[in-house]
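Student: Could you take me through the charged pairing in this one? I'd like a close look at that single part, with some context around it.

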Amino acid sequence: MLAFVLRRLLQAALVMLAVAFVAFMLFQYVGDPVLQILGQDATPEEVARVRAELGLDRPFVVQFTHFVGQALRGDFGVSLRQGVPVAQLIAERLPATLELALLAAALALALGIPMGVYAALRRGTWLAQLFMTLSLLGVSLPTFLIGIVLILVFAVQLGWLPSFGRGEVVQLGWFSSALLAPGGWRHLVLPALTLAVFQLALIMRLVRAEMLEVLRTDYIKFARARGLTDRAIHFGHALKNTLVPVITITGLQLGGLIAFAIITETVFQWPGMGLLFIQAVTFADIPVMAAYLCLIALIFVVINLIVDLLYFAVDPRLRVERGSGH
């Protein structure tokens, strides 16, 4: 187990180093931060002075080493557009994205797994066919279109829910929550549902396919021959083994929810990291772009490591194979 963890940590470190290199290259080839700070009318003396202050006159290797060292301390410099530390901007926007992504993941799991199990156990019924049709729509329709339709129906026509913004929030230390604020949940419903639709459909189809595959295995036939009830077979044996690959997909999709919440946050003007990144791209705010890239990569690496550990703990075949040396 220790060797497995150490190997995964080494792989994670190499991935983060590669991502840091890509983020560092943004400073080299995406615009000139000196001209963005001083403007086009800056004199050569002013340009040389600022380049020296920013360390841009140093050798490439020295600059990259300095960038990695600063990144390890969470220091990505100052936003070229807003003039405040990038770490402060990330700390302000991260809670909104985390809350939105976690709620969307909870919705996808709470609805996707039961719907997938039902579609597998009651395949051929009208409700199972309806679930499969809705899942096909969920994986086919683009996220922005789903968000616009939800806004049109529930915000414009029915007037039940707000169409943009986060509303009032409650501060819990560094973390801010709209879900705990009075009426804040109303602002979360539409963006969370929009973000959850694709994941819900994916999880439902995956659970259904895995459930059907597990139900055809020999040990399920043996359980039936022993006289076990359908309830014990379906939920005590089949579902437990069905969820093993679902853990992997769900973990990676959680990282995807955080990384690709950009479209949802833009449609609903949700003040999270995705909207911050879009604004940074619009104004070529390279420090913010680099920080976002490194943070998202870190989230993916951490989630992937946790998923690997859970997979190792849940699936006894991995422990047996590693213990036997195969």
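Tutor: The structure holds one salt bridge, meaning a side-chain nitrogen of Lys or Arg within 4 Å of a carboxyl oxygen of Asp or Glu. The partners are Arg166 and Glu99, whose closest N and O atoms sit 2.9 Å apart. They are 67 residues apart and tie together distant parts of the chain: Glu99 belongs to helix α5 (residues 86-121), while Arg166 is in the loop between α7 and β1 (170-172). Helices (H or I, at least four residues) and strands (E, at least two) are DSSP runs, numbered from the N terminus. In general, side chains of opposite charge can pair when their charged atoms come close.

Before going on, a caveat: this is a predicted model, where local features need pLDDT of at least 70 and side-chain atom pairs count only at pLDDT 80 or more, whereas totals for chains, interfaces and linings use all residues. Residues are numbered from 1 along each chain as its sequence is written, and side-chain values use heavy atoms, leaving out hydrogens and water.

Is the pair buried or exposed? Arg166 is buried, at 8% relative accessibility, and Glu99 is buried too, at 8%. Buried means under 20% relative accessible area, exposed over 50%, partly exposed in between (1.4 Å probe, protein chains only).

For context, the unreviewed UniProt entry lists "transmembrane region" at spans including 100-121 and 133-156; such positions use the numbering here, feature names are shortened, and annotations may be inferred rather than shown by experiment. Residues 133-156 are 92% helix and 0% strand, with end C-alpha atoms 27 Å apart.
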